[in-house]
Amino acid sequence: MRRDAHGGRLVVLYVVVTSLMLTLLGRLWYLQVTTGPTYARAATESRVRTVPLPSVRGQILDVHGRPLVANQTMPQVSVDYMALIHQPDGGRAVLTRLAEALRKPYQEIADRARLCGREVPRPCWPGSPYQPITVADDVDPRTVVRIAERQEEFPGVSTALRPVRTYPLHKAGAHLLGYLQPPAPSDRPGGPELVGRDGLEAEYDTELAGRTGLREVAVDSTGKVTGLLREEAPNPGDTLVTSIDARIQELSERALAKAVTKARKRGEPADSGAAVVLEAATGRVTALASYPSYDPAVWTGGISQRDFETLPLVSSAVLGQWAPGSTWKVTSTAAAADAGYKLRASYDCPGSYKVGGRSFRNFDGIALGRMNMHRALVVSCDTIFYRFAERMWKHDGGLKPVRHPADPMQAMAREFGFGTRTGIDLPNESPGRVPDRAWKRANWEQTRADSCRRAKTGYPDVADRKRAAYLKALAAENCQNGGVWWAGDAANFAIGQGDVLVTPLQLARAYAALANGGTVFSPRVAKALVRPDGSVVRTVTPPVTGRVDVSRKTLRYIRDALADVPREGTAAAAFKGFPFKRLAVAGKTGTAEAYGRQDTSWFASFAPARKPRYVVVVVVSQGGTGASTAAPAARDIWEGIYDLRGNAHHKHAKKDGKQDGKTPAGKHRHGHSRKAPHKASFEPTNVGGGR
């Protein structure tokens, strides 16, 4: 019986062993036969690295074929990161000898040769470690030859002639054009060596970059390259032809910088500004200047983290937002006409007007007598607009608004394109703001808790005790009634103050709509994309995004009024001696004030007044009144466009500035308003007047 039991155990053992053998054989079959090709493929792929081969990037040209961004072949020195790290000292000796040959500090070369990481500041290499890393641009040819001839001293170092981006206009148009940087690790693999990070370089990056080639190399288990497997040549990028006129771009930049300099000499901070030139009838961008600017050549060869952080990379033309002041009155006038107010009727312009029990004044409290709306725009009377705004506010129910308020002035502002991005073919555009009851309520709900807290604690962190007391009182008002749309909010809105915000580009688009009879465009900088062989890939046309729903008669009336502003109105001093017989300029000054900051200076204009070709808008933040800073800058731009200081019009400004439209495909005071910021979040006090 013991023998039977022992035999039974042996049988069980045989079964178990047989089962394990069958299981192992099955697994071996699965690994070798069923999934063997997959693992073999994975093993092969782990030993193959793809290195992108850069293509020649397309140029960016102005409307006449002049290069705005070009390529220049320069000697460059690059290092192979993988070859360096496989050296006994990690490549330190090689980089030391290389720095001596290039006559550069060792640390500068070493920093450019390292890979970027979370704790690694610029300069560094954010791309693939298998790509050549450029550590020096524009190297002296004799130095390049010496390095190439002594390869035994410089293993992992290569030299080549490669195209480098150049900027013929230097600082002019820097924000418009953008810049290039190595791709980040998050960018698609196998992409170009450099990618656009701002401006046109970013917006048209794919077209300008062309098709990147590739090189597949075999590497061993340590990452060392052992052979070349495959290579595909790159295709060059397309050329981008723009509507920018390089001459007008440069003179706009000069006029803006001159205005800032003069404002500072008068004691104004004048910290930033912009100038925009549009074609009124097409929506094409002729110039887009921003201050302060910088020379985009700083990107060539890498840039330090410290220098990067000090660059003025924000475009004031498309990102800057300010209250528009009295330049806004063209929309308020159109709204008044649409609401039934007669433009040719006579209205009183007293020195002040009570809204909600508080006095709102003209500039300096000056009473200007009775006038029609033509004269009201010429002398920039505020009190007439206060009256219109209050009546419209009451018509919508006042403090007990009707279910669906008409908000005529807000509605008209939106028809002119305010409150939304223009859609220009540039990245990172600001939307501006058209405040109304709904916006104010929503904003109050978001900020109420902080306002109530500040109403109790005050502002001990504010050194200016007078300002701290004002802010505490403001917080108390906002805590209780911050969501109410007061009559004073409507009054502020009517003259472009309160919480209204616009960008210079938005204001230029609105004045283009006024000038062309009501068509609102989405502006475009690009005009065409052209292949290297000269054939046109596609043309770019500014799309129509809306129409101003008022009569052409009303728009003509406003245009005629604005034609008298430089002759006899608030801009007369700035345009004294201007040759109006050669060029009739129409425009509107604006001076927007904010608590704790100096005046924002505006001038929005178009010309010729009867048949507008161009729109010119200038803004200088903290630059003083519209008449003292922005208007003179706009005058300089107009004189430059039409060469009014010379004996004849410039050849590109003939026929009232009309361009030939050809694509070079084969060519390689001052509207014045006084206000404290955010005061419109409760019933405002007097915010001044405009003249």
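**Loops, helix packing and cores**

Author: N428 sits in the loop between α15 (408-415) and α16 (437-457). Please note that the model is a predicted one.

Reader: What is phi of N428?

Author: Phi is near 65° there, a positive value in a residue other than glycine.

Reader: And is N428 buried or exposed?

Author: N428 counts as exposed, because its relative accessibility is 52% and the cut-off for exposed is over 50%.

Reader: Which loop holds D643, and what is its phi?

Author: D643 belongs to the loop between α22 (626-641) and α23 (654-657). Its phi is near 50°, again positive in a residue other than glycine. With a relative accessible area of 29%, D643 is partly exposed.

Reader: Turning to α22, at what angle does it pack with α10?

Author: Helix α10 (residues 246-265) and α22 pack at about 155°, and their axes are 9 Å apart. The two helices are therefore roughly antiparallel to each other, since an angle over 145 degrees counts as such.

Reader: Is the crossing left-handed or right-handed?

Author: The crossing of α10 past α22 is right-handed.

Reader: Which residues meet there?

Author: From α10, the contact involves R247, I248, L251, S252, A255, K258, A259 and A263. From α22, these meet T629, A633, D636, I637, G640 and I641. By type, the residues of this contact comprise eight nonpolar, three polar and three charged.

Reader: Where is A270, and is it buried or exposed?

Author: A270 is in the loop between α10 and β11 (272-279). It counts as buried, because its relative accessibility is 0%.

Reader: What does A270 touch?

Author: Not counting residues up to four places away in sequence, A270 touches V260, A263, R264, V620, S621, Q622 and G623.

Reader: How far is A270 from A259?

Author: The C-alpha atoms of A270 and A259 are 8.8 Å apart in space, and the two residues are 11 residues apart in sequence.

Reader: Next, the cores. How many residues are in the largest nonpolar core?

Author: That core has 97 residues, and L288 and F416 have the most contacts inside it. Helix α19 (residues 504-516) contributes the largest share, nine residues.

Reader: What is L288 in contact with?

Author: Leaving aside neighbours within four places in sequence, L288 contacts L176, Q249, E253, A275, V276, A317, V318, I424, L426 and L505.

Reader: Which residues does the second core include?

Author: The second core is separate and has 35 residues, among them A255, A263, A275 and V616. Two of these names have come up already: A255 and A263 also take part in the contact of α10 with α22.

Reader: Which residues of α5 are buried?

Author: In helix α5 (residues 106-113), the buried residues include I109, A110, D111, R112 and A113. Their cover includes β3 (67-79), α3 (81-85), α4 (92-102) and β4 (133-136).

Reader: Finally, where are cis peptide bonds found?

Author: One joins Y291 and P292, with omega about 0°. P292 is in the loop between β12 (285-291) and α11 (305-310). Another cis bond runs from A607 to P608, with omega near -15°. P608 is located in the loop between β22 (597-607) and β23 (614-621).

How values were computed
Residues are numbered from 1 along each chain as its sequence is written. This is a predicted model: local features need pLDDT of at least 70, side-chain atom pairs count only at pLDDT 80 or more; totals for chains, interfaces and linings use all residues. Side-chain values use heavy atoms; hydrogens and water are left out. Buried means under 20% relative accessible area, exposed over 50%, partly exposed in between (1.4 Å probe, protein chains only). Helices (H or I, at least four residues) and strands (E, at least two) are DSSP runs, numbered from the N terminus. Contact means heavy atoms within 4.5 Å. Axes are lines fitted to C-alpha atoms, for helices over the stretch in contact, and angles run from 0 to 180 degrees between N-to-C directions. Angles under 35 degrees count as roughly parallel, over 145 as roughly antiparallel, 65 to 115 as roughly perpendicular and the rest as oblique. A crossing is left-handed if the near helix is turned anticlockwise from the far one by less than a right angle, and right-handed if clockwise. Ala, Val, Leu, Ile, Met, Phe, Trp, Tyr, Cys and Pro count as nonpolar, Asp, Glu, Lys and Arg as charged, and the others, Gly among them, as polar. A nonpolar core is a set of buried Ala, Val, Leu, Ile, Met, Phe, Trp, Tyr and Cys residues joined through side-chain atoms within 4.5 Å.
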